[in-house]
Amino acid sequence: MSEATVSRVLNGKPGVAATTRQSVLAALDVLGYERPVRLRQRSEGLVGLITPELENPIFPALAQVIGQALTRQGYTPVLATQTPGGSTEDELTEMLVDRGVAGIIYVSGLHADTTADMQRYDRLRARGVPFVLVDGFSPRVQAPFISPDDRAAMTLAVTHLVSLGHTRIGLALGPKRFVPVQRKIEGFARAMQEQLGLSAETIETELIQHSLYSLEGGQAAAAALIERDCTAVVCASDMMALGAIRAARQQNLEVPDDISVVGFDDSPLIAFTDPPLTTIRKPVPAMGQAAVRTLLEEIGGTPAPHSEFVFMPELVVRGSTASAPAAGRSS
């Protein structure tokens with residue numbers, strides 16, 4: 001390839017075959033030269049990603065998958081995080097729309113809150129902004145939803161614990177107004193009725209404890225369930241499960257000898273806790289990639305059906321679950 005050809009490519013002059021041009025640019029990339037600014041790949045546009053706090057490691061994990069998938073497709077991800085006392089979802093949406101984003105992906109947003117006004121999403125659609133909603137569902141919103149199967153997740157957890165001989169199994173989860181919470185309760189109650197023959201009333205009054213989705217929330221919920229003689233606690237997040245382990249230790253109980261704990265998410269680093277956490281793995285890579293693929297179809301004008309795409313979770317058994325203590329627990 002002649003120097004003149006390379007020079008024509010670098011100066012953006014015509015008269016060079018497209019394939020030749022590509023190989024010149026590829027050679028520059030390989031040799032580590034920076035492309036001249038005007039030859040750098042133009043971004044297809046910005047895509048907003050709105051997540052709750054980043055304290056829970058599952059959100060950064062999902063953001064990473066979504067960010068990488070967007071970058072591979074030539075888009076520039078813009079991460080906007082809701083923080084307590086900080087910007088609300090509506091303010092973040094407004095900020096992103098003002099920046100002219102090509103679309104928005106919402107993770108665990110107001111669409112998951114059954115008490116929230118869903119008209120905000122209709123107004124966004126009316127403004128021509130494509131969006132996809134992850135972790136939550138509302139029949140009132142016209143959009144694609146991406147969710148894990150929360151009911152199936154609870155069946156997996158209960159089946160595992162029943163096979164270990166547990167009969168007093170508690171469920172610790174977040175506030176009742178959230179769709180994933182309601183679905184987990186449904187799955188848990190059905191599995192407990194089918195596998196242990198418990199009444200709906202017993203399950204609801206004795207074995208389900210609502211709290212906050214945090215370490216402290218898990219600790220408070222587990223303490224209440226331990227008081228009601230539960231020998232195992234299923235938690236709605238890994239953070240809550242770490243709180244449950246702390247609650248057990250405060251009462252001088254050993255995990256898993258005296259009490260078994262199951263988390264939910266399989267967040268990064270959770271395999272390395274003490275003991276390593278048995279948990280329900282949320283299919284984060286599949287969900288993140290599906291969210292991006294669906295959004296790009298919306299942006300491209302060939303939208304996927306406006307329905308819910310549900311992904312199967314899996315049980316990952318580690319060291320925080322074991323056989324039920326022989327004769328119940330001695331107080």
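Student: Which residue just after α9 takes a positive phi?
Tutor: We're looking at a predicted model, where local features need pLDDT of at least 70, side-chain atom pairs count only at pLDDT 80 or more, and totals for chains, interfaces and linings use all residues. Residues are numbered from 1 along each chain as its sequence is written, and side-chain values use heavy atoms, with hydrogens and water left out. Helices (H or I, at least four residues) and strands (E, at least two) are DSSP runs, numbered from the N terminus. Just after α9, the residue with a positive phi, about 65 degrees, is Asp-229.

Student: What covers the buried residues of α9?
Tutor: Buried means under 20% relative accessible area, exposed is over 50%, and partly exposed is in between (1.4 Å probe, protein chains only). In α9 the buried ones are Leu-215, Gly-217, Gly-218, Gln-219, Ala-221, Ala-222, Leu-225 and Ile-226. Contact means heavy atoms within 4.5 Å. The cover over those residues includes β6, α8, β7, β8 and α10.

Student: Which strands stand at the edges of the mixed sheet?
Tutor: Two strands pair if DSSP finds at least two bridges between them. This open sheet has 6 strands, in the order β7-β6-β8-β9-β10-β12. A strand with a single partner has one side left without a neighbour, so look for those: they are β7 and β12.

Student: By how many degrees are neighbouring strands of that sheet turned against each other on average?
Tutor: Axes are lines fitted to C-alpha atoms (for helices, over the stretch in contact), and angles run from 0 to 180 degrees between N-to-C directions. For this average, direction is ignored, and the value is 20 degrees.

Student: Which residue in β7 stands opposite Ala-172?
Tutor: Strand β6 (residues 169–173) and β7 pair in the parallel sense, over 3 bridges. Helix α8 (residues 200–207) lies across these two strands, at about 40 degrees to β7. Opposite Ala-172 you'll find Gln-209.

Student: How many residues are in the largest nonpolar core?
Tutor: A nonpolar core is a set of buried Ala, Val, Leu, Ile, Met, Phe, Trp, Tyr and Cys residues joined through side-chain atoms within 4.5 Å. Here Leu-171, Phe-188, Val-234, Cys-235 and Val-261 touch the most other members, and the size of the core is 45 residues.

Student: And how many are in the other core that lies apart from it?
Tutor: Among its members are Ala-63, Leu-70, Val-107 and Met-287. Its total is 24 residues.

Student: What kind of aromatic pair do Tyr-106 and Tyr-121 form?
Tutor: Rings of Phe, Tyr and Trp (its six-membered ring) pair if their centres lie within 6.5 Å; planes under 30 degrees apart count as stacked, over 60 as edge-to-face and the rest as tilted. The whole structure has 4 aromatic pairs. In this one the centres are 5.6 Å apart and the planes are at 85 degrees, making it edge-to-face.

Student: How many residues apart in sequence are the parts this pair ties together?
Tutor: Tyr-106 is in strand β3 (residues 103–107), while Tyr-121 is in helix α5 (residues 119–126). So the pair ties together parts whose separation is 15 residues.

Student: Which residues form the aromatic cluster?
Tutor: Tyr-106 also pairs with Phe-131: the centres are 6.3 Å apart and the planes are at 90 degrees, so that pair is edge-to-face. Phe-131 belongs to strand β4 (residues 131–134), 25 residues from Tyr-106. Both of these residues are buried. The cluster is made of Tyr-106, Tyr-121 and Phe-131.

Student: Is Asp-265 buried or exposed?
Tutor: Asp-265 has its place in strand β9. Leaving aside neighbours within four places in sequence, its contacts include Asn-56, Ser-237, Thr-279 and Arg-281. Its relative accessibility is 4%, so Asp-265 counts as buried.

Student: Which residue in β11 is the bridge partner of Ile-146?
Tutor: There's also an open sheet of 6 strands with parallel pairing, in the order β2-β1-β3-β4-β5-β11. Its edge strands, each pairing on one side only, are β2 (75–81) and β11 (308–311). Strand β5 (residues 145–148) and β11 pair over 4 bridges. The partner of Ile-146 is Phe-309.
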